[in-house]
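Me: Please take a close look at one part of this model. I want the helix packing, with the geometry and the contacts, and then the aromatic pairs.

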Amino acid sequence: MFSKINFSGKKVLIRVDFNVPLNEDFSIADDTRIRAALPTIQKVLEDGGSAILMSHLGRPKEGPEEKFSLKHLTQRIEQLTKAKVIFAEDCIGLPVRQMVKELAPGQILLLENLRFHKEEKEGEEKFSKQLAHLADIYVNDAFGTAHRAHASTSIIAKHFTPENKMFGLLMEAEISNLKKVTAEPVRPLTAIIGGAKISSKIEVVENLLDTVDHLIIGGGMAFTFLKAQGYNIGNSLVEEDKLATALEALKIAATNQVQLHLPTDSIAADNFSETARTQITIDQNVPADWMGLDIGPKTIANYQAVLQQSKTILWNGPMGVFEMEQFKTGTLSIANTIAEVSQQEAYSLIGGGDSVAAINQFGLADQVSYVSTGGGAMLQYLEGKDLPGVVAIEDEQ
Ligand code: AMP
């Protein structure tokens, strides 16, 4: 829908996710999120519309805080869009309304951090109405916050008629890529789930067990599965209260004829550090006093063979402690294979903070099919739950 609209002469309120990391001097450490929203902003400006940008930044506690001010982004947005960017010191109120009135076509008004008002997170009705009154059209392009029912991401939509609210290009891309994995994917469909804890991913695992052909488990969470099956895991990460959950997942996998793959060997370390002594375990067991910090070579080969047969791949969570040189091989090998098969026939979707960090660190981001910008939102979607930011717009179209 977005691409078909002509925004000429319109005041367009765009919810972006400009929650970028700032250095101590308030310079921008990583502008990926700003760049991700550029196509949407550019389209509005090129049509001859005015863009009013609203976002949160960080987690301000009560009211305005210098370190969370969006004013630190003004210059960068100006450089990237080559448009005039005017900064408003609040996101609602009379002065802001005046600035909107004076905003010319092709110009950007950047509003101050939405979360300086507690009403944003509370999803307060009146606050959302005040925001809505600033513009003719509401565009949601903030996939990173789509899982929150906040005033600017969801509640605001009710103040616009169906033809005046829509997703931006980034949101559209995120949703259509997620659908490639969740709605009639090309099979075999393989999900690789890793990371530290089973507790944060179990709902995703359970939901994926209804759809995938292969489920590959790696990272710290694999050891809860291995312990539940009776293996010794030494000092590896474990969630004792999730042993039954892990067994239950294994049972569901068997019932649903999902091939669930667990590590068959590990790189074990004698402590959690860069300089630890290491050994490759001979099988699933980790010796007493050692901890598994990466998947081993046999496991890598098994997982790569599964990926090579897959036509659709979803990856969330690293295979080991990839931040440390000694324990990054598993994650790097999996990333390389995903990149390789994506260059051939397979479709791959990578999401979640740490897998995205890994794929960027390895310089492979442009060799996979799609890298999602929203970790929490993507997980919630994969859990089979509605995203308030998506539902608010999708339900009426
Ligand atoms: P998550 O946020 O749950 O996706 O977890 C990501 C974190 O899990 C990364 O910081 C990894 O270093 C960590 N991790 C991966 N594998 C292991 C492991 N075997 N033991 C401990 N931590 C791990």
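Reply: What follows covers the helix pair and then the aromatic rings. The model is predicted.

Start with the helices. Two packed helices are described by the angle between their axes and the distance between the axes. Here the pair is α1, residues 32–47, and α2, residues 74–81. Their axes come within 11 Å. The crossing angle is roughly 55°. That makes α1 oblique to α2. The crossing of α1 past α2 is right-handed.

Now the contacts. From α1 come I34, R35, L38, I41 and Q42. They meet R76, I77, L80 and T81 of α2. By type, the residues of this contact split into 5 nonpolar, 2 polar and 2 charged.

Next, the rings. A pair of aromatic rings is described by the distance of the centres and the angle of the planes. The structure has 2 aromatic pairs.

One is F2 with F7. The ring centres lie 5.1 Å apart, and the planes stand at 40°, so this pair is tilted. F2 and F7 are both buried.

The other is Y138 with F160. Its centres are 5.8 Å apart. Its planes are at 25°, which is under 30 degrees, so the pair counts as stacked.

Note on methods
Residues are numbered from 1 along each chain as its sequence is written. This is a predicted model: local features need pLDDT of at least 70, side-chain atom pairs count only at pLDDT 80 or more; totals for chains, interfaces and linings use all residues. Side-chain values use heavy atoms; hydrogens and water are left out. Axes are lines fitted to C-alpha atoms, for helices over the stretch in contact, and angles run from 0 to 180 degrees between N-to-C directions. Helices (H or I, at least four residues) and strands (E, at least two) are DSSP runs, numbered from the N terminus. Angles under 35 degrees count as roughly parallel, over 145 as roughly antiparallel, 65 to 115 as roughly perpendicular and the rest as oblique. A crossing is left-handed if the near helix is turned anticlockwise from the far one by less than a right angle, and right-handed if clockwise. Contact means heavy atoms within 4.5 Å. Ala, Val, Leu, Ile, Met, Phe, Trp, Tyr, Cys and Pro count as nonpolar, Asp, Glu, Lys and Arg as charged, and the others, Gly among them, as polar. Rings of Phe, Tyr and Trp (its six-membered ring) pair if their centres lie within 6.5 Å; planes under 30 degrees apart count as stacked, over 60 as edge-to-face and the rest as tilted. Buried means under 20% relative accessible area, exposed over 50%, partly exposed in between (1.4 Å probe, protein chains only).
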